[in-house]
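Here is a short tour of one structure.

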Amino acid sequence: MKVAGIEGMLIANRKVENQVKTYITYNKGRDWRLLQAPTTDLAGNPIHCVLPFCSLHLQLQMSENPYLSGSISSKSSAPGVIIATGNIGAELSYNNVAMFLSPDAGNNWRQIFEEEHNVWFLDKGAALIAVKQPSVPTRISFDEGRQWTRHSFSAMPLFVDGVLVEAGAQNQIMTFFGHFSHRSEWQLIKIDYKSIFTKRCTEGDYQTWHLHNQGEPCIMGQKQIYMKRRPGNYCMVGWESSRILSAEPCICRAHDFECDYGFERRGDGNCLPAFWFNPSKVSQSCSQGQHFLNSTGYRKVVANNCTKGVKEIYTARKQQCPTRPPRGLVLTTRDDKLTADLNSNVTFLVQLEEGDSMRTNIQLDFGDGTAVSYSNLSWTLEGIKHVYRSAGIFRVTALAENSLGFETSSLYLHVTCLVEHIQLVTPHVAIKKKEVNLTAVVWPSHFRTLTYFWWLGNNTEPIVTLDSSVSHTFSSEGMFTVTVQVSSGDSVLQDSKSIAVQEFFKSLLLSFSPNLDEANPDIPEWRQDVARVIKKAILQVADVPEEQLLVAMSPGVPTAAELFLLPPKNRSEGRKQAEEDLEQISEVLVNALNQISVEFELKPGSRVIVYITQLTLAPLVDSIPRHSSSAMLMLLSVVFLGLAVFLIYKFKRKIPWINIYAEVNHEKEQEMISTVGQNNTTAKITLSEFSSQKELMEKELEARAK
């Protein structure tokens, strides 16, 4: 707490070894000491209190009521007079408190009351007014609290809620406001104390007072002499009198200086660099040809007026800026965060500990394909702003370079935006003990800025990845649920899918009449509903166990689906028999779909026909690797057939005997078709269609040739 009227004087409470003690300083905190306790109590009995084991401790809190004095009072017009509530002992206590007064700026103290009072300064500190609850009567002192006279201004006890002292030259008028009881109305009593002053003070009523600190006259680098009214005189001070008689500067000594920034005082009293401070660091604004102030570790206390003496020794020295390569380049963001929102301004700060900042080129690469360059560091003081248009993790690199060298610094900035939607993409059916790929598609798209949590099957702990895809192998058959959660900032989204795991299966691709596309909203719920309807329609025309059918609708338009044929859950017969049963079910379904027997009602008057997509019948899929010779023959025949047709068309007029070759080739092709047909029904159907188209084309070419 600052003491009014005396520059640099502070009183503070400090906790030392779990004890709160009161300290005083006369040079703005450069040096502190304990308060010397009074030598006698109010009755004149001696007090045995030896420093540092015993001292005076003051309560420094301010009053909650602005119209009542706090626990400590001082006034600029009454320099050196301090009144406070406190106690004497080893530490500060709120028991057995009393009122204490110092007439000489904290050097000496004496007790003025055994109980707490509210004290005000009257007539610019010439008199003291003390009030205790309830106020019967008030006490007035003209000799700095040595003697008090009582004055009653009310016949009934008044509980004082506040006191106002009127400002101005004639400030001997005080206004008390309070109440006689808790039920009474407020009372306002105005008292003019002019009548207790006998005259106006003259020169003989004053005395000089030298400000000092335990006999040391130099306070804040100067000797100050004040004019104070002699204690006991009942004269009125007024406001024209000058309080400071003289102020003479002192010769500078060590206690007039404190530790400079970055330095701390050690046990021997010297100021040495702190562990975090590098005193050889040159200011960023220091450029070649300029000068800077090199600190000695000390600086003069602010407002100290000392001169000469050790001032030259402790004052910072002016030196020429050295030429150095850039060192200590630091790249940060303004808010010290390594995350940013998409399409928001990011401000980068570039700081250089050493180097010629005015002749050092600064380059900043934002990591997204853009970069900026500045001729010197001063252009970057306000920060470098940039807006990222895509999400991701960007390496931002700063380069400081001058004629003597260079320095780089980097940071990795995570640019994110909130995920609005997530879709888990998985196969509907998977082969046991074969690896499947699981992918999470998010919108808007992100690149390695999200965290994915995967729950696979019956696992109780998730797999955590930064990639949106994982691979997994299911070791047993059955229905498994896969769940993925994506974490972005403080939001989490998830999606789940079910996967049927089998040792082998067969699938057919389905298409639909165009009227289904018109009703397709392309949402998961709609696809699930339509899949159930299609499955029901298939079961009505084919005697197939329901658990062996699985219909999966594909997203998008045109509307498409895949029909999975699964082996029975409980297979008592062998694998070969189960595969044959699956082939028979496939033939039944293919015949039903080719005969346009599968349909369902979309809405009244609108029916949807289910077709089998030609040339896409999937072969039997299982976990045993095989090579289909019939499929290979089919592929080779299609390639040779296409080549033959192309040659016939290209050279139809130049080679008249091509028709003979076509006929021979046709006979050979029929023999191959007959051989393939014994192994694969699908290949036979496909080649027959191509052969018929080829025959028509050959006839047309033959007619044109003739």
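## Terms and model

Domain bounds come from an automatic or database domain assignment. This is a predicted model, in which local features need pLDDT of at least 70, side-chain atom pairs count only at pLDDT 80 or more, and totals for chains, interfaces and linings use all residues. Residues are numbered from 1 along each chain as its sequence is written, and side-chain values use heavy atoms, with hydrogens and water left out.

## A pocket between two domains

Where does the second largest pocket lie? Domain 4 (421-502) and domain 5 (506-613) both give residues to its lining, so the pocket lies between them. On a 1 Å grid over the protein atoms alone, a pocket is an open set of points with protein on both sides within 12 Å along at least five of seven lines; a cavity is a set where a 1.4 Å probe fits but cannot get out; lining residues have an atom within 4 Å of a point. The second largest pocket holds about 910 Å³ of space. A volume is the space filled by probe spheres set on the points, which are joined across faces, edges and corners.

Its lining counts 30 residues, and His428, Lys497, Pro524, Gln528 and Ala552 lie nearest the centre. By class, 14 are nonpolar, eight polar and eight charged. Here Ala, Val, Leu, Ile, Met, Phe, Trp, Tyr, Cys and Pro count as nonpolar, Asp, Glu, Lys and Arg as charged, and the others, Gly among them, as polar. Helix α3 gives the most to this lining, with eight residues.

## Helix α3

Helices (H or I, at least four residues) and strands (E, at least two) are DSSP runs, numbered from the N terminus. Helix α3 has 18 residues. In α3, Trp526, Arg527, Val530, Ala531, Ile534, Ala537 and Ile538 are buried. These buried residues fall within an arc of 130° seen down the axis, so they line one face of the helix. The arc is that of the directions from the helix axis to the C-beta atoms. On the other side, Arg532, Lys536 and Gln540 are exposed. Buried means under 20% relative accessible area, exposed over 50%, and partly exposed in between (1.4 Å probe, protein chains only).

The largest cavity holds about 210 Å³. Its lining has 20 residues, with Gly125, Ala126, Glu144, Lys228 and Arg229 nearest the centre.

Leucine 58 sits in strand β4 (residues 55-58). At 0% relative accessibility, leucine 58 counts as buried.

Notes. The expected span of a helix is 1.5 Å times one less than its number of residues.
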